[in-house]
Each structure stands twice: as C-alpha cells, then as structure tokens.
Amino acid sequence: MGNGSHPMKNFWRGGELFVWMTASGVAISLLMVGSMLSLIMVNGLGQFWPATLHEIRLKTQEIVIGEVVGQEVIPNSSTPDKPKGLARYRYRVGNRDVFSSEYRWINGEDIVSTSSPNDLTFVERRQWGPAFGRLSIVAVDGTTENMDSHTSAAIEALVAESTNLRQRIEHVERDEIGAINYRMEKARLERQALMLDGQLSPREVQEDRRLVDYIATLEQEYQAQTVTLEQLHKEAGKKTLLLTLSNGKTARLTLEQIIAVSMPNDMSWIHKLNAYLHNLWLFVSSEPREANTEGGIFPAIFGTVLMVFLMTIAVMPFGVMAAVYLREYAKQGVLVRLVRIAVNNLAGVPSIVFGVFGLAFFVYALGGTIDQWLFPESLPNPTFGTGGILWASLTLALLTVPVVIVATEEGLSAVPRDFREGSVGLGATKFETIWHVILPCALPGILTGLILAMARAAGEVAPLMLTGVVKLAPSLPLDSYVPFLHLDRKFMHLGFHIYDVGFQSPNVEAAKPMVYMTTLILILVVVLLNWAAVMLRNRLRKRFAMSAV
Amino acid sequence: MEARPAGLSTTLPMVTARPPIPQSRLARDQQTQASTVDAKILVRNLDFFYGERQALFHVVLTVRTHTVTSFIGPSGCGKSTLLRCLNRMNDLVEGARAVGRVELDGVDIYDLGIDVTDLRKRVGMVFQKSNPFPKSIYDNVAYGPRLHGTKDKHTLDELVHQSLQGAGLWDEVKDRLAQSALSLSGGQQQRLCIARALAVQPEVILMDEPCSALDPIATGKIEELIFKLKDTYTVVIVTHNMQQAARVSNQCGFFLMGELVEFGDTKTIFTTPRDKRTEDYITGRFG
C-alpha cells in the first residue's frame, strides 16, 4: 500500500480536517451568541407575563398566596429543616411591607394542598412592590362593597380613576410646580448676578426690585398649586381598596397607591397577551419607581440614545478631519507613522482611563472655567463644573475617535487614484478634489467608522460613571424650557442602569428580571442605531459605487 | 477603416496638408523650424527624476498646433512620464523632479509663478483607464466648468451639450443625463472622460493610452474622435499600439529607456527610420 493513497493522509492533506475545524469555530461562536441572546430573552421577557397565582396550605396550617418563580433540589445541607434531595419551591409572595421579604422558599413536603382560585388578585403598588390577596372595594363613606357583586368592570373603573388621579398629581407636581421652581431659580440667579460686583447701580436696583416682585408672584402661584395638590391627594385618599392577605390581615390601599389590579387566574389567554404587551410598553415608556427596581427604563433609553447622538456629532468632524490630514496632506514619514501608531494604541487604552481624563480635563478644568466665566452667579454650585451629558459625550468621543480615524483613512485610501488624477487633471485644486470627489467616495468607509464608534459608545459604562451618569436623573436632558437641550444635566444610561439595578438595589431578587430586560433593550438600542447607520451606508454605497462597468 | 467619414480616409492627412518637409533633414532641425512656425509646446533638454532614478534624459521636441503627436515605445520607456510633464501631473508623485524647460506658448510651465490649476485647465488629460466620477453623466461633464466658476444653469447646459457632442456621445446619452456615469459601457465612459476634458475648453489634450482597455469598435470610435479634435485642439497621445500611432498621428516620437530616440513625421518614422533601434521596434524585433 503506497503512502500517497493512505486514506488518513488524504484526509489531512486534502484539508478536510481543516474545513471541519474552521466550521466548528464558526458554529461555536454562533452557538454562544445564540445562547446568550436566548438566555437574556427568556429571563427578561418572562416577567411581563401575568403568572398564575397559587394559594397553598402548609402543614402548619399557614396559607400562602404567591406565584412560583423557581424550584430546585435542596443541595447538601445538615440542618433538619432543609432535608437533602427533596424539591423546594421559590414563591413570590409579595406584600414586602407585611412579610418583610418578597420571596420565600417552601419545601415541597411541607405543602398540603395547592389551588388557584379565580378571585386571587394581583395589585401593583407605587410602594413596597406588588400585593397579593382577595379584594373588596370600600366606598367614600366607609361602607364595604363585596367584590362578589362586582365585575372586572368595577376594577377597571377603579384603576382608571387611580391612573387619572395620579396623572393629575404628576402634572401638578412636575409641570406646574416644576415650571414655577425653574422660573424662581432663574430669577434668583439673575438677582445673584446683579449683586456680583458688590454694588447696585440705580438701573440695577430697579431691575432687582422687579425680580423681587416677580419672585413674590411666583411664590403665590406656588402656594395656589400646593393647595390644588393637597386637594388631589385628599381625593385620592377617599377611596380605599381593601385587600385580604394570605395571613388573614387586611391591607388598606388608597387609590393613589394603586397602579394596576388584575386577577391573572381569571384571565383568558388573549387577556394575558394583552396585559403582557401593555406591561412591555409600560416598561420601555415609563419612569423607574422604588429605587429603579420597579417601573420602566425610559429615561435610561433616552439618555443612552441622546448621548450617542451627541458623541456622534462631536466625533465625526474631528475624526474625519484628522484622517483627511493624515492621509491626504501630511508628508508620509516617520512622524506620521508614529502618530498612526499612537492613534491605534489609543483605541486600546482602558476606558476608565478616558473617564479619569474626562473628569480631570472636561469636568474640572473646562467645566470649572466655563462656570467662572459664564455662570458665576450660581457658584459655588457648579453648572458645567460637574458631570453632565456633554462631558460624557465628549469623553466617549475621545474614546472612539481612533476608530473613526482608522476607518476613514481606510475609506480614503480605497478611493482609486484614477479619481484623484481625473479631478486634478481638470484643473481642480487638492482641496476641491478632496471635497468634491474623494470625501463623497469615502463616505461608506467613514460611516463604517461611525457604526463601530456608536456600537462602542453605546456599550461603554465605566467612563460615564465618572463624567455624568447617575442612578436617577430628576429630569431628561431635553425638555420644553429654553434652551431645550440641557447639556449640563446628568443623565441615565442603560449600561449603568443594568449595574445599578442588578447590584446596587435594595431588592435584588425582584430586580433580576429587570437586569435581563434592560440588557435586552440595550442590545436592541445598539442594533437599531447600527441598523440605521448601515441603511444609510448602503444608500450611499449605491450612489457612489466605485466599481466601473 | 471603413467606418471613417469621408475625408479622413488617408492615413496621414497632415503630410499633404502642409508644405512637405525634406525627409533628409534631421529631426531636430525640423523642430527648430517648426518652433518658429506654429509650435504649441516646446520641450527643451528635459531631465526627469523619480527620487534618485532618472526617467527622462535630455528630451527635446516640439508639438505643433492643431496636430496629433504620438509617443511610442516599450513599457517603462518614459513616454507616459513625458506626457505627464506637459501638464505637471507628475507633481502628484512624491519625490518627482523635473529639470529643463517645457514651454507652452513660449512660457515655461515649470516657472515658479505658474498657476498649476490654470495650466491643467489649458492642458486637459484623458487617462488610460476611463475614470468617470461616481456621479451623473451631466455632473461629470459639468464638474470642470463648475470648478472654474460657471454657475449659470443655461450656460452649463449648453457646455455639457457641446462637450458631449464634441466627444460623439450626445446622441447616445441625451435622454439619460441624470443617470450614473458608471451605467455607461467602457467605450462610452472613455468618451465621457474626453467630453469632461473638453468641457473646460482646453487648448491641448493629452491622452495616456486612451484605448488600451477598449475593444476594437470602441477604439475605432475614439480614433475617429481624435481626428476631429485635432481641428480645434492640439492632441498628444501615448500609445502602445503602433498601428494606432500610424493611423492617427502627424508626428511621432519613439522612446527607449528614457531617451527620445527619434522624433519626426509619423510617415518618416514608420517608413524610413533614421535609427536602428526605431526600426527594430517598429518591425517588431523587440518591444
């Protein structure tokens, strides 16, 4: 048998093994990405589905109402209350204010009976997480109306009333009183500015008097709004919901406290789907409650997207101009090569280093100077001299500028020499050639840089923690007060929100699904931003297709 | 050949159109005489360097107004380098350096005070590989005039029309001026590049192997065009194709290793070359 015809040898020489190896590399990568995404989705998306409520009777005659959130086989343990090898279940029992913990482990052998009656009710509250129990409505004068005589329509009406009241209260608190506060603060600062030089000219005295009057008017308006607010609170307190808990006690919930009431065991499949979509919508569109463990993540989504946009506006002109100079104008030599190496290495610097730089340079040095020059009246309170969305965006712009430079340079060098010569041969100057021919042709490459920069910036957290991200921002950086875009404001960010909810919250267990959900939203935001940029690039590519014939 | 319009059927029309130059005289004498008559470009003792490497050695020649001058020679002989010296395209090459004089209408284009963009406006260029910009047909032709300050829509329209007509492309593209230039065929693209060069209304058109990437039919069309262009412009063409040089040019220069071996009437070069090397090349003994 000749060596050349040996089947194993052929297998090796023909590269079959190599093909298998390379293919399995791809397969493993795909598997990992796929399982990561599905893990996140399963853990995150499940929480919005209205789960079945169980009523269980224990050996101790205790009754527990809750939803099953997990089960396991009891691991090695020596204590008699945790016998090894048996199943135990994790129940979400709610009523954190009564039971002190929202979750509870129950050994399988302790359970005598389990049922899921239709009248078990899930109440989402503004405080203390959800409450589980049986429901009865109390009217204004204190007469109890039993739920038996009421349909779900009554509950809906109640929730609608509560929502309406809450919206009115929020409107007064945020919009009316918020506006008054904003104007008052502005007037106060104007007064302060008048007094900056220590003395008042006659005109300034007049101006000061006007401001004092203005502030007094605002004060009156404020008082009026406070009265309205009190009335609303009183109205909300009139109707009370009585909820009979599993331990037989009764919890009083004022209308103000109720966010949603549902009886999941009584819901049809369609109803549940409806509720699911509604919950999902609320999650992405509303603000967080209870130290971020409940409610939505809208401010974080908004902050992330706005920060990426601001970063893009900052990084694109700088990166592109630097690349144009390096590629088109600079004399290619040792110096340019060194600059290029430095730029490439900049992309590898740990992001926290950029954070420290942003804090030292942008926040303290630049922001502090701006405060002294432009906002001396509000000192020692910093305006720009503290973290804010502008500084965070600029720090990330610095972080991503190497990516843009490298991609733009590649785009520029991919423009055929023929185009340059064609343009120059027609009497165009170098600038005209770059502006009219080379940059348009390099646009797809430039946009590739933009896509990479956005993906990097949207996922970066560490530098933001030093330059402007907060756990809870009182207001969005974009609102209806002039100048509308408030670059000095602190903001919320999805990446930081994940960390905060998952590891800094008082109720870690309840927040766990929110961690996954926020992660999923972050991925979606990045994908959407990239998709938009890719679409733009494809359109431009079609327009500036470089392959002739 | 049959495709050519009447009046262009003779291979070398210039020889009959101008007073016959005695073939016995040296090429250099011819140039001296020509320069006093109707010289457009004079090249005087031009040396050209790419960094340390010398690419042209003491080139001396004269390009006459309203003629076609062709440069032939094997690859790397310096013919394209010389062409690119005529509108200073070589300035784009780092480390390139010219020593000597190149005069356009009696003015040295390598003088310090020369505006290079103005020079390139007067001396247009068509490249070996057609290089229309990834813009519309209209925008390609209007590119040059717009650069040089023509903004009026009507004037631009007229200029685009004339240039496309001049390049023999108007009838083929008049209904799709807004389409991408890249939708044209290779030959059409090259004629578009010629139209683009015409649109800046140059005096001289340099062509660097304009047909080397084209099929015979497209080549024929471009050659016809070169014949016509000669009436309005002065054309200098670099070609690998000796038949092409014989067909289209009035004067011809043969280059070898950076040296202008022989320069003179195309007919003379192809029938009774003075230099052994020219004869060897033309008869196909090397190259």
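## Salt bridges between the chains

A salt bridge here is a side-chain nitrogen of Lys or Arg within 4 Å of a carboxyl oxygen of Asp or Glu. With that rule in hand, how many salt bridges turn up across the interface of chain B and chain A? The rule finds 2 of them there. Keep in mind as you look around that this is a predicted model.

Have a look at A:Asp418 and B:Lys129, whose side chains meet in a salt bridge with an N to O distance of 3.4 Å. That distance is within the 4 Å cut-off, so the pair counts. Side chains of opposite charge can pair when their charged atoms come close. Polar contacts cross the interface of chain B and chain A as well: there are 6 residue pairs of this kind, both residues being at pLDDT 80 or more.

## What chain B brings to the contact

On chain B, the elements that give two or more residues to the side touching chain A are helix 4 (116-122), strand 6 (123-126), helix 5 (137-147) and helix 8 (186-199). Which of them gives the most? That would be helix 8 of chain B, with 4 residues. Sort the residues on this side of chain B by type and you get 14 nonpolar, 6 polar and 7 charged.

Taking both partners together, the contact uses 27 residues from chain B and 25 residues from chain A. The size of an interface is often given as the accessible area lost when the parts come together. For chain B and chain A, the buried area is about 2100 Å², and carbon and sulfur atoms give 61% of it. Three residues stand out: B:Pro134, B:Tyr143 and B:Leu147 supply 25% of the area that chain B buries against chain A, more than any other three residues.

## A nonpolar patch on chain A

Now turn to the surface of chain A. A:Met8, A:Phe11, A:Trp12, A:Leu17, A:Phe18, A:Trp20 and A:Met21 form a nonpolar patch there, and together they have about 820 Å² of accessible area. Helix 1 (7-13) and helix 2 (16-45) of chain A each give two or more residues to the patch. The largest share, 4 residues, comes from helix 2, and A:Leu17 lies in that helix.

Over all chains, the salt bridge count comes to 36. One of the pairs is B:Arg122 with B:Asp105, where the closest N and O atoms are 3.0 Å apart. This pair links distant parts of the chain, 17 residues apart: B:Arg122 is in helix 4, while B:Asp105 sits in the loop between strand 4 (96-104) and strand 5 (107-108).

B:Tyr110 is worth a stop too, in the loop between strand 5 and helix 4 of chain B. Leaving aside residues up to four places away in sequence, B:Tyr110 touches B:Cys85, B:Arg88, B:Asp91, B:Ala98 and B:Val102. The side chain of B:Tyr110 reaches the backbone oxygen of B:Cys85 at 3.4 Å. As for B:Arg88, it is 22 residues from B:Tyr110 in sequence and 8.1 Å away in space, C-alpha to C-alpha.

How values were computed: Residues are numbered from 1 along each chain as its sequence is written. Chains are lettered from A and ligands numbered from 1 in the order in which they are written. This is a predicted model: local features need pLDDT of at least 70, side-chain atom pairs count only at pLDDT 80 or more; totals for chains, interfaces and linings use all residues. Side-chain values use heavy atoms; hydrogens and water are left out. Contact means heavy atoms within 4.5 Å. Buried area is the accessible area (1.4 Å probe) that two parts lose on being put together, summed over both. A polar contact is a pair of N or O atoms within 3.5 Å; within protein, one must be able to donate a hydrogen and the other to accept it, and residues adjacent in sequence count only if both atoms are side-chain atoms. Ala, Val, Leu, Ile, Met, Phe, Trp, Tyr, Cys and Pro count as nonpolar, Asp, Glu, Lys and Arg as charged, and the others, Gly among them, as polar. Patches are made of residues with over 30% relative accessible area and no salt bridge: like charges are joined within 9 Å, nonpolar side chains (Val, Leu, Ile, Met, Phe, Trp, Tyr) within 5 Å. Accessible areas come from the Shrake-Rupley method with a 1.4 Å probe; for residues, only the protein chains shown count as cover.
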